[in-house]
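Open the model in your viewer and switch to a cartoon view. Keep the sequence panel at hand, and follow the stops in order.

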Amino acid sequence: MPQNAAPAARPTAAELDLLQVLWRVGPADAKAVHEALLPDRPDATYATVLRQLQVMHAKGLLTRDEGHRPHLYAPVQAQDKLQQSLVKDFIARAFAGSGKALVLAALKNHVSAKDRAEIRQLLAKNTGEDA
């Protein structure tokens, strides 16, 4: 599947955890993914991680290089591409398609004063205005 194609399905929260690992470490076998996941999810078993990687491959979220033993798994989409797709879907479903409503909701309760100032600077820089 091409790098910019949308995956066949949206990843679950558990699948996003595994994608985060693979985006961080690059293509990896199930053992390496399991070991990298343990600090954040100490309850995760190797068998569960392997099965989840297999399911993700079947769903089109991962590629699997069967030329190696053990098989190497890698995300189909780059992190930023998948995040953009998920945010677009979330905005459509939760905010009636309004990116402005999403940003206002985030700024209202989930952004520190320091982050707000940094956002103002970024907006000013991108629009050519003063902060």
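**Stop 1**

Select Ala9, which sits in the segment before H1. Keep in mind that this is a predicted model. Is Ala9 buried, partly exposed or exposed? Its relative accessible area is 25%, so Ala9 counts as partly exposed.

Ala9 and Lys59 are 50 residues apart along the chain, yet their C-alpha atoms are separated by 6.3 Å. Show the contacts of Ala9, leaving aside neighbours within four places in sequence. You will find Lys59 and Leu61.

**Stop 1: a residue in H1**

Move on to Glu15, in helix H1. Is Glu15 buried or exposed? Glu15 has a relative accessible area of 2%, so it is buried. Show its side chain together with that of Gln52. A polar contact of 3.1 Å joins the two side chains.

Beyond four places in sequence, its contacts are Arg10, Gln52, Val55, Met56, Lys59 and Leu61.

**Stop 2**

Two packed helices are described by the angle between their axes and the distance between the axes.

Which residues make the contact? From H1, select Glu15, Leu18, Leu19 and Leu22. From H3, select Val49, Gln52, Leu53, Val55, Met56 and Lys59. Colour the contact of H1 with H3 by class: 7 residues are nonpolar, 1 is polar and 2 are charged.

**Stop 3: H1 against H2**

Stay on H1 and bring in H2. The axes of H1 and H2 come within 10 Å and cross at roughly 105 degrees. This pair is therefore also described as roughly perpendicular. On the H1 side, pick Asp17, Leu18, Val21, Leu22, Arg24 and Val25. On the H2 side, pick Val33, Ala36 and Leu37. The contact of H1 with H2 holds 7 nonpolar, no polar and 2 charged residues.

**Stop 4: along H2**

Select helix H2, residues 30–37. Its buried residues are Ala30, Val33, His34, Ala36 and Leu37. Look down the helix axis. These buried residues fall within an arc of 165 degrees, so they line one face of H2. They pack against H1 and helix H3 (46–59).

Go to the start of H2. There, a side-chain oxygen of Asp29 comes to within 3.1 Å of the backbone nitrogen of Lys31.

**Stop 5: H1 against H4**

Show side chains here. Leu16, Leu19, Gln20 and Trp23 of H1 meet Gln79, Leu82, Gln83 and Leu86 of H4. The contact of H1 with H4 has 5 nonpolar, 3 polar and no charged residues.

**Stop 6: a loop between strands**

Where is His71? Look in the loop between strand S1 (62–65) and strand S2 (72–75). The side chain of His71 makes a polar contact of 2.7 Å with the side chain of Arg69.

Finally, show what else His71 touches, not counting residues up to four places away in sequence. The list is Ala28, Asp29, Ala30, Arg64, Asp65 and Glu66.

Definitions and conventions: Residues numbered from 1 in each chain as written. Predicted model: local features only at pLDDT ≥ 70, side-chain atom pairs only at ≥ 80, totals over all residues. Heavy atoms only, no water. Contact = heavy atoms within 4.5 Å. Helix = DSSP H or I, 4+ residues; strand = E, 2+ residues; numbered from the N terminus. Nonpolar A, V, L, I, M, F, W, Y, C, P; charged D, E, K, R; others polar. Buried < 20%, exposed > 50% of the residue type's maximum accessible area, 1.4 Å probe, protein only. Arc of directions from axis to C-beta. Polar contact = N/O pair within 3.5 Å; in protein donor to acceptor, adjacent residues only side chain to side chain. Axes fitted to C-alpha atoms, helices over the stretch in contact; angles between N-to-C directions. Parallel < 35°, antiparallel > 145°, perpendicular 65-115°, else oblique.
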